[in-house]
Amino acid sequence: MKVLVTGAAGMLGQDVVALLRERGHEVTAAGRSDVDVTDAAALRAAVPGHDAVVNCTAHTAVDAAETDVEAAELLNTTAPGLLGEACAAAGARLVHVSTDYVFSGRADLDDDGRPLPYAEDAPVAPRSVYGRTKADGERAARRAQPDTLVVRTAWLYGAGKGCFPTTIARAARERGAVSVVDDQVGQPTWTADVARVVADLLEVGAPAGTYHATSSGRTSWYGFTQAVLASAGVDPAAASPTTSEAFARPAPRPAWSVLGHEALVAAGVEPIGDWAERWEAAAPAVLGG
């Protein structure tokens, strides 16, 4: 399979490129200087000859997006639509990476009052500019190329780029103590695992639709921090819990970011394992030994 990966220099893009090549696929790794995903003519020139395009490009500066709306819309909404058009014209599939921020962050409850994971077809209700532009980007991609696979992920970490585990471990070492929110719950997810899901979806010829590529299980940022510090050789007691209210940011963060994986199972793709087990496997590479 010939695959074009946009955003190939990013944390996720690097792992997608590496895994696809490891599996024997012919990959064109395109950074922003190689292919401008906001330029329709550039995409019409770049996409032909590929069987699929994996779009890992995004405006991910969540707080900056609240004021730099035009930049967020360009990368998160306009670009997926242009990629979809180029893919449709070339007969290529589009895999578009999206986010948990398309949801409101408020959980529905089961009959026993327990919060339910977001299903792939749950209504989107973003509360931030970032979330809105990503939700609009999903629609734009599907509208332009009906054979699109939307792959939502969340709480990403990986090797080769700065990410939450490396940042929080460094802060704990330097300061001796860190405060981390304990009222935002989600699924810490290794970029290498997301790359595996993307590759599997392409290789099994999964039906067009939305899929969730997040770890199984759930924890808070505080819980994840304790696991990270233990792996980094730092006393987990260096972390103390705080609230989102006490740690206010320009863009609201989802309080509930737990996603369901039923669509992966239906497509014959194994969901990612429990977040704690996957962190244990990832920690040496992410923390650099």
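## Close-up views of the predicted model

View 1. One cavity of 30 Å³ or more is counted, where a cavity is a set of points on a 1 Å grid over the protein atoms alone at which a 1.4 Å probe fits but cannot get out. This is a predicted model, in which local features need pLDDT of at least 70 and side-chain atom pairs count only at pLDDT 80 or more, whereas totals for chains, interfaces and linings use all residues. Residues are numbered from 1 along each chain as its sequence is written, and side-chain values use heavy atoms, with hydrogens and water left out. The largest cavity has a volume of about 50 Å³, a volume being the space filled by probe spheres set on grid points that are joined across faces, edges and corners. Tyr-101, Phe-103, Ser-104, Arg-127, Ser-128, Pro-252, Arg-253 and Pro-254 line this cavity, lining residues being those with an atom within 4 Å of a point. By class, these lining residues are four nonpolar, two polar and two charged (Ala, Val, Leu, Ile, Met, Phe, Trp, Tyr, Cys and Pro count as nonpolar, Asp, Glu, Lys and Arg as charged, and the others, Gly among them, as polar).

**View 2. The largest pocket and its lining.** The largest pocket holds about 1,500 Å³ of space, a pocket being an open set of points with protein on both sides within 12 Å along at least five of seven lines. Its lining comprises 49 residues, and Thr-60, Val-62, Trp-155, Leu-156 and Trp-221 are those that lie nearest the centre. In the lining of this pocket, 25 residues are nonpolar, 16 are polar and eight are charged. Helices α1 (11-22), α3 (62-65), α5 (129-144) and α6 (164-175), together with strands β4 (93-99) and β7 (178-181), each supply at least two lining residues; helices (H or I, at least four residues) and strands (E, at least two) are DSSP runs numbered from the N terminus. Helix α6 gives the most to this lining, with five residues.

**View 3. Trp-155 beside the pocket centre.** Trp-155, one of the residues nearest the centre of the largest pocket, is found in the loop between β5 and β6. Its phi is near 50°, a positive value in a residue other than glycine. Most residues other than glycine have a negative phi. Trp-155 counts as buried because its relative accessibility is 10%, the cut-offs being under 20% relative accessible area for buried, over 50% for exposed and in between for partly exposed (1.4 Å probe, protein chains only).

**View 4. Helix α8 and its packing.** Helix α8 spans residues 221-231, and its buried residues are Trp-221, Tyr-222, Gly-223, Phe-224, Thr-225, Val-228 and Leu-229. These buried residues pack against β6 (156-157), α6, β7, β11 (219-220), β12 (239-242) and α10 (275-287). Ser-231, also in α8, counts as partly exposed because its relative accessibility is 38%. Leaving aside neighbours within four places in sequence, Ser-231 is in contact (heavy atoms within 4.5 Å) with Trp-279, Ala-283 and Leu-287. After α8 comes Gly-233, whose phi is positive, near 75°.

**View 5. The largest nonpolar core.** This core has 31 residues, among which Val-5, Val-16, Val-54, Leu-201 and Tyr-211 touch the most other members; a nonpolar core is a set of buried Ala, Val, Leu, Ile, Met, Phe, Trp, Tyr and Cys residues joined through side-chain atoms within 4.5 Å. Two or more residues of the core come from each of β1 (2-6), α1, β3 (52-55), β4, β5 (148-153), α7 (191-203) and α9 (262-267). The largest share, seven residues, is given by α7. A second, separate core of 27 residues includes Cys-163, Ala-232, Val-234 and Ala-238.

View 6. Beyond its neighbours within four places in sequence, Tyr-211 is in contact with Glu-120, Leu-149, Val-150, Val-151, Arg-152, Leu-201, Ala-206, Ala-263, Leu-264 and Ala-267. Pro-207, found in the loop between α7 and β10 (209-212), touches Arg-93, Leu-149 and Ala-267, residues up to four places away in sequence not being counted. Pro-207 and Asp-147 are 60 residues apart in sequence, and their C-alpha atoms are 7.8 Å apart in space. Ser-98 lies in strand β4 and is buried, with a relative accessible area of 4%. With its neighbours within four places in sequence left aside, Ser-98 is in contact with Lys-134, Glu-138, Val-150, Val-151, Arg-152 and Thr-153.
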